[in-house]
Each structure stands twice: as structure tokens, then as C-alpha cells.
2 protein chains.
Amino acid sequence: MPQRNVKLDYAFCLDKILGEAGFGDTWFKEMAGQVADLHKQLQERHQAGELGFMDLAEQDLGEIKDLAGRIALMADNLVVLGIGGSALGATAVDMALKGVLRHGKPAEPGAMRLFVADNSDPRLFGELLDQLDLTRTVFNVVSKSGSTAETMSQFLVVRDILELKLGREEALKRLVFTTDPEKGNLRAIASDEPVAILNVPPNVGGRFSVLSPVGLLPLACAGHDVQVLLDGAAAMAADCGSGRLMKNPAYLLAALAMGFAGRGRNVLVMMPYASDLMGLAQWFAQLWAESLGKAVSLDGHQVNSGQTPVAAVGATDQHSQLQLYMEGPADKLIMFLTLGNYGRDLEIPGLYPEIEALSYLGGRTMAELIQAEARATAAALASQSRPSLGLRLPEIDEFVLGQVIYLLELATVMAGALLNINPLDQPGVELSKKLTYGLMGRKGFEDQAAHLDALETGGDYVI
Amino acid sequence: MPQRNVKLDYAFCLDKILGEAGFGDTWFKEMAGQVADLHKQLQERHQAGELGFMDLAEQDLGEIKDLAGRIALMADNLVVLGIGGSALGATAVDMALKGVLRHGKPAEPGAMRLFVADNSDPRLFGELLDQLDLTRTVFNVVSKSGSTAETMSQFLVVRDILELKLGREEALKRLVFTTDPEKGNLRAIASDEPVAILNVPPNVGGRFSVLSPVGLLPLACAGHDVQVLLDGAAAMAADCGSGRLMKNPAYLLAALAMGFAGRGRNVLVMMPYASDLMGLAQWFAQLWAESLGKAVSLDGHQVNSGQTPVAAVGATDQHSQLQLYMEGPADKLIMFLTLGNYGRDLEIPGLYPEIEALSYLGGRTMAELIQAEARATAAALASQSRPSLGLRLPEIDEFVLGQVIYLLELATVMAGALLNINPLDQPGVELSKKLTYGLMGRKGFEDQAAHLDALETGGDYVI
């Protein structure tokens with residue numbers, strides 16, 4: 001088993017650097033006790049089968065690889081029809097591995113293009129369908145329940161177009177469902193129609209599903225080595241098996257983030273210094289927001305927990321957000337993701353030696369520049385007693401991404417335990433869904449439609 | 001002059017909807033007085049020449065159009081080398097008008113592809129240069145000072161490659177500078193070398209520059225009607241000339257946002273229900289963050305002002321962020337951007353009538369679905385006393401975008417006035433720049449390098 005090489009640097013969270021704003025020995029000691037106790041709880045929940053994401057590294061990939069192989073024979077494009085946790089993981093990994101500019105293009109000659117259609121936006125979806133040769137396209141419908149309105153509306157549109165164009169038999173060959181092994185509408189449809197189908201383990205929720213068939217089929221189709229993703233997760237899991245705070249990077253990350261949240265830092269910025277990791281930051285934003293943003297009753301009062309994730313990119317957002325991070329409200333913890341190796345580099349030539357503001361760049365490289373900026377920005381923030389964490393990635397590859405994914409998933413679950421909330425549910429999204437059903441005329445939701453009508457103010461408050 | 005048709009809906013900010021969390025007559029009255037006073041201040045600052053963005057709608061476009069025409073004759077690609085305010089505006093408008101999937105592709109047969117290289121990331125930039133036919137590419141270097149490290153390092157790399165490949169004369173033909181009319185390194189270089197050059201008005205800062213040559217040259221090259229963008233800005237300006245709060249959508253937006261910020265809502269989410277407006281939300285995130293995130297001294301104490309902008313997309317982020325917005329801390333104001341017309345639509349066919357969770361979708365359209373989701377989500381938030389604003393766009397075109405840009409710029413300046421800070425500077429970004437110079441070995445920054453060395457902890461706090 002290869003060793004984990006993704007590391008967490010927490011120096012800029014310490015009182016010896018930040019003064020009062022940082023944490024010292026007393027805090028770490030008290031937190032270590034809490035985390036040790038919660039670790040036992042998580043172990044019990046894992047043994048009770050609740051934390052399925054922890055077992056994904058052990059899964060057999062035979063079915064996924066076989067199916068990806070069969071898809072590759074008939075298609076140039078794989079389109080994921082999914083939203084939220086059914087979409088963000090595949091986008092994050094594909095964008096990181098191929099780069100922003102080649103996301104949606106072949107990874108290598110012969111590999112398929114991967115598209116993730118994650119919105120019920122008719123302009124976007126119509127444009128995508130226009131661009132594709134549908135005879136050479138497979139659509140992977142991803143929904144555990146098979147009732148997600150955005151995804152199912154896309155599915156219905158595609159199902160109809162394919163059948164009109166190619167006939168029923170050929171249409172069904174171009175569909176793959178990823179869904180619950182027993183329940184839901186996609187399962188019901190597949191019992192009548194011969195559609196290829198993959199199971200999402202019932203104990204793996206959408207936002208923890210990137211290393212399940214939800215993420216792995218699209219990533220395998222796109223030409224990535226999904227076994228190495230799992231190896232990375234396993235390497236991180238091996239190092240995160242301990243209940244000792246200072247030996248477990250996932251727990252330390254969770255403890256520091258929640259510690260700062262408890263001191264009024266209700267925003268967590270994830271800021272990779274690599275444009276290609278923007279998708280990863282957006283994947284994390286779902287994981288952190290939906291898992292930890294919870295209303296709970298405590299002694300008869302409602303407590304609203306959570307920390308708002310913000311996805312930023314360095315060095316770009318130094319020219320957009322840094323002013324706020326430096327001088328705005330002291331309400332943030334920044335998590336920098338840095339790269340030891342960018343995979344390629346460009347030397348900056350020493351032109352215009354007479355211009356002092358340019359000449360210092362000559363002979364250095366662009367990787368040196370962006371790495372210097374990451375280090376300088378963390379130090380600048382520390383000088384204002386503003387904390388940051390450094391997640392250090394040696395490079396971008398499947399093994400590193402597998403580690404990062406597992407680390408952040410486990411950190412999220414520990415953060416939930418520290419907040420004493422359930423990080424696996426999302427009850428707050430139901431009301432909006434029901435009101436949408438009301439507006440769309442679904443039977444049984446007439447009250448919701450009436451509620452919306454009652455809210456209408458007829459343009460009285462529109463200027 | 002055409003009339004403004006972008007509207008602001010503030011019903012879900014009112015106490016009659018939200019209860020105590022909302023604003024009522026007393027607040028509006030008191031705010032109207034403040035805004036009327038501050039309007040006079042802004043008028044004075046405008047007359048003193050400080051608020052240059054307010055005059056951009058009047059500019060003559062002859063030079064920009066001529067240059068765009070000449071570039072079109074020699075190039076298929078325009079690459080902007082710029083970062084922050086030199087990049088975000090062109091990306092926002094091009095992505096909105098062409099759509100995410102065609103951003104970086106021709107707007108129409110014969111129009112140029114526009115790329116915005118907004119990071120000093122060697123993998124991203126190297127990949128971009130690999131993809132382009134450099135003989136058919138023009139590089140637009142955008143920097144007021146000509147000392148922005150990220151942009152100038154890109155410029156040096158490109159200048160060298162072009163000259164090696166094509167010789168000096170042909171290389172210089174493929175460069176356009178957009179910079180200060182008198183000062184800075186690009187101006188100095190252009191005085192020795194025959195490079196086409198456009199001026200940024202000195203009283204227009206980067207984040208207010210999208211309607212100056214900074215944004216307009218790239219957008220004209222990409223085939224967009226930049227005069228109509230200015231017409232939109234003029235239409236909004238005409239409606240935002242009043243100092244009366246309830247007659248001025250920019251001032252009302254500012255007052256409500258700062259009013260909620262004053263009640264602990266330190267996060268402002270901009271959430272367009274259109275994937276193609278993600279770039280606009282990121283443009284706004286810079287405008288709001290960098291303008292309002294300021295440390296000021298008040299009676300001997302430091303006050304840290306600002307409101308953290310978050311860019312989200314509906315309906316997508318209903319499956320990522322909505323749980324947090326509904327149940328997490330009551331620290332947010334959401335600004336929804338909705339579209340009356342998506343420009344195209346897809347009918348959802350009535351397949352699987354026996355499945356109740358799908359059949360209600362049959363016969364409706366995807367535009368109806370996403371519009372229903374926007375309305376339902378705002379109402380769901382309101383039911384939890386969580387405020388939102390609705391910015392209603394009839395459709396996406398140059399005229400609408402021009403209106404939105406002007407509205408948000410003026411709102412930002414009024415918000416700065418309400419906070420009693422200067423929205424036009426960004427002193428907080430200097431320290432990170434100086435520390436970067438130290439690491440890059442620039443002369444005169446040896447103390448900064450030493451400061452960083454002193455912060456090194458040799459891996460003691462890395463796990």
C-alpha cells in the first residue's frame with residue numbers, strides 16, 4: 001500500500017503566530033479529549049453501517065470497468081444527467097486531471113469526452129444537445145430516488161429525442177442508470193426496459209458518493225484510473241484511523257475549522273492555487289454546506305449551525321477577494337491548497353532589464369511565482385491575525401485526489417460530530433421542492449401553490 | 001433612449017413577509033434620509049471627477065471598433081492577459097452572451113474566439129498556448145500599472161515566444177496594451193516599440209472597468225455589440241439619477257444589503273438562475289468584496305467592514321448550498337437573478353404516465369421548471385424569515401447586461417458611502433505583493449524575504 005503524501009499544515013492557526021486569535025496548548029488538549037470520544041462514536045456508526053463512504057476504497061471495480069469498456073465501444077461522449085452530489089464529484093476530478101481547458105475534451109486520443117449537465121437550464125441543456133452527435137453519445141442518469149426534478153426532466157427530454165431519432169432499442173442502449181439497488185423510479189423503469197444499471201450503496205449519500213459508481217463510471221469513461229483514486233482514499237484512510245487528534249489530519253482539520261467557527265469565523269474559504277482545482281473547491285462547498293448547515297433544537301431553543309464555504313482560486317482571487325480577507329470582518333478561515341509540482345512550467349524570460357518592476361521576474365518560472373504568492377498571501381493574512389490552513393498536495397493525480405477526497409469527507413463527518421448534528425441528512429431542501437411541485441401542478445401539492453399565490457404582491461414592491 | 005427593463009423586487013426584505021427579520025416603514029424612512037444626503041456627496045465626487053465609471057456610457061467607441069476590426073483581419077483568437085478587474089468583466093459578458101459551452105468558441109462564423117488567461121498557473125497557461133495557432137492570435141495585455149506580476153510574467157513569456165517564432169516586427173503586431181494613458185511600464189514599453197495601445201481612464205479602477213476599453217475591446221473582438229452594452233448602462237443611469245431611495249434601484253439595493261449587513265448578515269449570495277450568468281456573479285463578487293472589505297479607524301478603534309459575496313447558480317446550488325441557506329446561521333442575504341425568457345426552451349415529454357413523480361413534468365417546459373424553482377426557493381427562504389432580493393432580467397442580451405453592470409457598480413459605491421469607507425481603493429492587497437517580491441528576489445524587498453524565513457517552522461506543524 002503506497003503512503004499518503006498529502007499533508008496538513010496548521011502553523012497559521014496557532015497562538016504563537018496569531019496571538020489571541022490562534023489556538024494554544026490548552027485548546028489542543030481539551031479538543032483532543034473531545035475528538036477521542038467522538039472517534040469512538042464514529043467507529044460505532046461505521047460498524048452499524050451508517051458511514052458507507054468509508055468502505056468505498058475496498059469496492060470491486062469489475063462491473064464499472066466492464067461497463068465503461070462497453071460504453072467506449074459505442075460512444076465518443078458520456079453525458080452525466082445529475083445535479084448536486086450526482087454531478088460535482090465527477091466534474092471535480094475530471095477538471096483536476098485534464099485541466100479546465102480540456103474538461104469536455106478527450107483525455108487522450110480514443111478516450112471519451114465527459115459532460116456533466118447539472119442544471120435544468122434550457123439554454124445550457126439545449127446547447128449541449130445541439131453540440132453532440134447523439135448516435136455516439138451515452139447518457140448516464142444519476143439519481144438515487146429517480147425523482148430529482150432537474151435530472152428527470154433532462155432524462156425525459158433525452159429519452160424522447162433518442163427514441164425519435166434511433167428507435168426504442170437503440171435509444172435504450174444509450175442510457176445508463178446509477179441509482180438505488182432496490183427503490184426509486186429509475187429502478188422501476190429499468191425493470192420494464194433493458195437499461196444498463198449501476199447501484200449506489202444505500203448508505204452512501206450523494207455528497208459522499210464520488211468514489212462510488214456515481215463518480216467512478218463517468219471518470220472511468222473519461223479515461224482516468226479509478227483504481228488509483230481508491231488507492232489514494234485507502235492511503236488516507238489508513239492514516240486517519242486513529243482517534244488521536246494530532247495524528248489524524250481529517251480530525252485536526254475538523255477541529256480547527258469548528259474551533260474557529262465557534263469564535264465567529266462563519267466562513268471557510270477553500271482556495272487552491274491552481275485553476276484546475278476550482279471544481280474540487282466547488283465539490284467541497286457542497287459537502288461542507290449541506291452536511292453542516294443544520295437547525296437543531298437545544299434545550300427548547302433552535303440553534304443554526306454551519307460554516308459557509310466559499311470557493312476561490314489563487315492567485316486569481318488575490319485580485320478579487322484578498323482585500324476583503326485582509327481587512328474585512330474577522331469572520332473567515334482560509335484553507336489554501338498548494339501544489340509542489342504543477343506538472344509543467346514556463347520560464348519567464350529576462351526581457352526589458354531596464355525596467356526594475358519586470359527584471360526581477362527574468363529567469364524565474366511561473367510555478368515559482370504562483371508558489372511564492374501562496375506563501376506570501378498566507379503570511380500576509382497571519383500578520384493580521386487571520387488564520388489559515390495549508391493543505392499540501394505534491395501534485396495533481398488520481399492518487400492525490402483520492403487522498404484529498406477521503407480526508408475532506410472524514411473531516412466533514414467529524415465536524416458534524418463536533419457540532420452534535422447529523423451530517424448525512426438535508427431536511428431543509430424539502431420545502432423548496434414541495435413549493436416547486438405546487439407551481440408545476442403536481443397532484444397533492446395544491447396547498448403549496450395556494451401559499452405561493454398568497455405571497456404574490458402584484459409588483460407593489462418592484463422598482 | 002430605450003427604457004430600462006431590469007427590475008428589483010424587494011418584497012422578501014419586508015417585515016410584512018419576514019416579521020422581525022425584515023424592514024418596515026420606519027427603517028425605509030430613516031434610510032431615505034441618509035441616502036438622500038449621501039447622494040449629494042456622490043454627485044459632488046462625480047463632479048470632482050472621481051467616479052469615472054458613471055461617464056463610460058458616453059464614450060466614443062471609434063478607436064475600439066477600429067482596432068477590433070484590424071485585429072479581426074489578422075487573428076482568430078484574442079487572448080486577454082489580465083487578472084481581477086482586467087479579466088472578470090470580459091469573461092462575465094462573453095459567457096453570458098455566448099453561453100458557458102461556447103465561451104472560448106466563435107460567437108458566430110467569422111468571429112474571434114476570446115480567451116481570458118487570468119492566472120499565473122503554468123499548467124493552465126501552458127495548455128492554452130499549446131492549443132492556439134500563435135500566428136493567428138493577438139494578445140491583449142491589460143494592466144493599468146504594467147507591474148502586475150501575474151500578467152507581466154505572462155506577457156514576458158508570450159513576447160519571447162512570438163519573437164522567436166515570428167520575428168520582432170510580426171510579434172509586436174500581435175500585441176495590444178490596455179493601460180494608463182501616461183504612466184506605467186506598458187506605456188514605457190510602447191514608447192519604444194510600435195504596439196497598439198488603448199487607454200484606461202485614470203479615474204476608472206479595475207473592478208469598475210468592464211465598460212471601458214478594458215472590457216470593450218475583447219468583447220468587440222468576440223463579436224458582441226458593445227454600443228448596446230453602453231446603451232443599457234445609460235438606460236439604468238437615467239433611472240438611477242435620483243436621490244430618492246424608492247425611485248433608485250441601485251440605492252435601494254445598497255441600502256437593503258447594508259441594512260442586513262448591519263444586522264449580522266455578513267454574507268451576500270448572488271444566485272442567478274442561469275448557468276451562463278456564473279461569470280457575472282464572479283465579476284460581482286470582486287466588485288463587492290474589494291470595494292467594501294475595508295479596515296477603518298473610528299474613534300481610535302479599528303472597524304472591519306464588508307460583506308462576503310458568494311457566487312452560486314440556481315437551480316444547481318439548491319442541491320449544494322440551499323440546506324445551509326435554509327437552516328444554517330442567519331447570516332445571509334440572497335440576491336436571486338431571474339430570467340423572464342431563456343432564449344430557448346425544451347418541452348418535457350409526457351412519458352411514463354404511470355409514475356406519479358414524473359408525470360406532472362409532462363407537457364411543461366424546462367424554462368417553466370427552473371422559473372418555478374427560483375420562485376419556490378425564495379418563498380421557502382422567506383418562510384424561515386430569511387431575506388432575499390430579486391433582480392429580474394427579461395432576458396440575456398447586451399442591453400440587459402449593460403443595465404445590470406451599471407446598477408451593481410452604482411450600488412457598490414452607495415454601499416461604500418453607507419459604510420463611510422472608500423470603495424475605490426484596495427490597500428490591503430499590498431502586503432502580499434511585497435512578500436511575493438521578497439520571495440522572488442526583487443531588490444529592495446530583502447526584509448520581506450527575511451520576515452517569511454522567520455515564519456518558517458520547518459515542518460513542526462505539518463501532519
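# A tour from a helix crossing to the two-fold axis

Begin by selecting Gln34(A), Leu38(A), Gln41(A) and Leu42(A) in helix α2(A), and you will find them meeting Val413(A), Met414(A), Ala417(A) and Leu418(A) in α16(A); here two residues are in contact if their C-beta atoms, placed from the backbone, lie within 7 Å. By class, this contact of α2(A) with α16(A) has 6 nonpolar, 2 polar and no charged residues (Ala, Val, Leu, Ile, Met, Phe, Trp, Tyr, Cys and Pro count as nonpolar, Asp, Glu, Lys and Arg as charged, and the others, Gly among them, as polar).

What you have open is a predicted model, in which local features need pLDDT of at least 70 and side-chain atom pairs count only at pLDDT 80 or more, whereas totals for chains, interfaces and linings use all residues. Residues are numbered from 1 along each chain as its sequence is written, and chains are lettered from A and ligands numbered from 1 in the order in which they are written.

Now show both helices whole, α2 as residues 25-47 and α16 as residues 398-419 of chain A: their axes come within 10 Å and cross at roughly 110°. That angle makes α2(A) roughly perpendicular to α16(A), a term for 65 to 115 degrees, with under 35 being roughly parallel, over 145 roughly antiparallel and the rest oblique. The axes are lines fitted to C-alpha atoms, for helices over the stretch in contact, with angles from 0 to 180 degrees between N-to-C directions. The helices themselves are DSSP runs (H or I, at least four residues), as strands are (E, at least two), numbered from the N terminus.

**Domains of chain A**

Next, colour chain A by domain: domain 1 is 7-44 + 230-419, domain 2 is 55-224 and domain 3 is 430-463, with bounds from an automatic or database domain assignment. The C-alpha centres of domains 1 and 2 of chain A lie 31 Å apart, and 21 residues of domain 1 are in contact with 19 residues of domain 2. On the domain 1 side of this contact, α10 (226-239), α12 (278-292) and α16 of chain A each supply at least two residues, and the largest share, 9 residues, comes from α12(A). By class, that side of domain 1 has 12 nonpolar, 5 polar and 4 charged residues.

**Between the chains**

Bring chain B into view. How many residues does each chain give to the contact? Chain A gives 120 residues and chain B gives 120 residues. Helix α15 (residues 366-383) of chain A gives the most to the side that touches chain B, with 12 residues, and by class that side has 64 nonpolar, 34 polar and 22 charged residues.

A rotation of 180° with 0.0 Å of shift along its axis superposes chain A on chain B, with an RMSD of 0.0 Å, by least squares on the C-alpha atoms of residues with pLDDT of at least 70 in both. The two copies are thus related as by a two-fold rotation axis. Centre the view on Val310(A), whose C-alpha is the nearest to the axis in chain A, 3.2 Å from it.

**Backbone stops**

Most residues other than glycine have a negative phi, and most peptide bonds are trans. Select Gly314(A) and Ala315(A), however, and you find a cis peptide bond with omega of about -5°; Ala315(A) lies in the loop between β10 (308-311) and α13 (322-327) of chain A. In chain B, the bond from Gly314(B) to Ala315(B) is cis, with omega near 0°. Finish at Asp299(B), in the loop between β8 (294-298) and β9 (301-305) of chain B, which has a positive phi of about 50° although it is not a glycine.
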